Amino acid sequence: MSGLYPMKVIPGYYNSKPGIQVGTKLEGKVTVENGKLVFDENGIDFLKQIGVEWVMVGHKQVPEHSAEGYAWLKDELEKRGLKIYRIANDELHNMPSVTLNLPDRDEYIGRYLQYIRDLGKAGIHYATYAHMGNGIWRGGIRREIRGHATAGGLDLDAPNKSVSFGDFSWPLSHGREYSEEELWENYEYFIKKVVPVAEESSVYIGIHPDDPPVYTMAGVPRCIFGNFEGYKRALEIADSPNIGCCLCVGCWLEGGGRMGATAEEFIRWLAERNLLFKVHMRNVTAPLDAPGGFNETFPDAGYYNLVRVMKTLKEVGFDGCIMNDHLIDMVGGHYACEAYFTAYLKGVADAVED
């Protein structure tokens, strides 16, 4: 690995230069057709042109979810000058069966443990996980932001709400209200099974904040990964160097003052314990408890200055991946938006690293 810098945040990964790494999703650059992977070489060149090395691979961009399938894809992308930070398996990312102790819980846990083993065998050392129980909630329509671009958001007082990662409905997604106590019991049951497998496989799991955080959504409390105190308790229960956080700054900003700590304070707490593995950089117009709720927006147009977050990442010596998150609808389509968001992050990262 001559000329490379071993990543401190994720052991087993190597950076081509020190400091904060800016990655992005592989979305749109690779497709699976008739069971075979098809590379859009122009799309691959686009990522390299905007200076991206680390990519996040989506569920549908993997011909076969197995150790062999992951290793093959890793090799193919490395030939093209890209490195995999994370491979998603949407079926095992946000699992109501695990969070809510549904009848097939153990089946899903078994599948998840095999997924972690497969990643480790393929040399993929990081995985993002979410533990929300009933998904990401947004309003039924995308609202206008700057320059007539549109983006998702949520107003708890509005009648229309929709969800991703599941076919759930309001007001009770699973037919009853769940208590905080049973959710904590379910989490501990799950994470105690995950820890030894993650450690043996050399895979670091970053748990994503609830989206939105803080509030009970459709009968399911968001008490574990919905605020600072919940995170502290959850990571103490896990008690493993391999179980940490994928900090979504946007989710943290949605919670606002109800999170119990600023994003910068949370970053410092995680970094002191070597538990910050990845960062999603997203801005919103206001916290969820503001009149009208929040809307996602451009990185430089929200109520928070993301430069504060970047300065803190530099302060704590973070050398893992940050990335754009929840791209919006703007003139020029996906590539224009991805280029804008990524260039913003790269510019700020270079400025704070100087």
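1. Two strands count as paired if DSSP finds at least two bridges between them. Helices (H or I, at least four residues) and strands (E, at least two) are DSSP runs, numbered from the N terminus.

2. This is a predicted model, in which local features need pLDDT of at least 70, side-chain atom pairs count only at pLDDT 80 or more, and totals for chains, interfaces and linings use all residues. Residues are numbered from 1 along each chain as its sequence is written, and side-chain values use heavy atoms, with hydrogens and water left out.

3. Strand 16 covers residues 276-281, and six of its six residues are buried, so the strand is largely enclosed by the rest of the structure. Buried means under 20% relative accessible area (1.4 Å probe, protein chains only), against over 50% for exposed and in between for partly exposed.

4. Strand 16 runs parallel to strand 15 (residues 243-248), with four bridges joining them. Here Cys-245 has Leu-276 of strand 16 as its bridge partner. Four bridges also join strand 16 to strand 19 (residues 321-324), again in parallel. In that pairing Lys-278 stands opposite Cys-321 of strand 19.

5. In strand 18 (residues 294-297), Phe-294 and Glu-296 point one way, Asn-295 and Thr-297 point the other way, and all are buried. In a regular strand the side chains alternate between the two faces of the sheet.

6. Strand 18 pairs with strand 12 (residues 153-154) in the antiparallel sense over two bridges, and Leu-154 has Phe-294 as its bridge partner. Strand 17 (residues 283-284) is also antiparallel to strand 18 and joined to it by two bridges. Val-284 stands opposite Glu-296 of strand 18.
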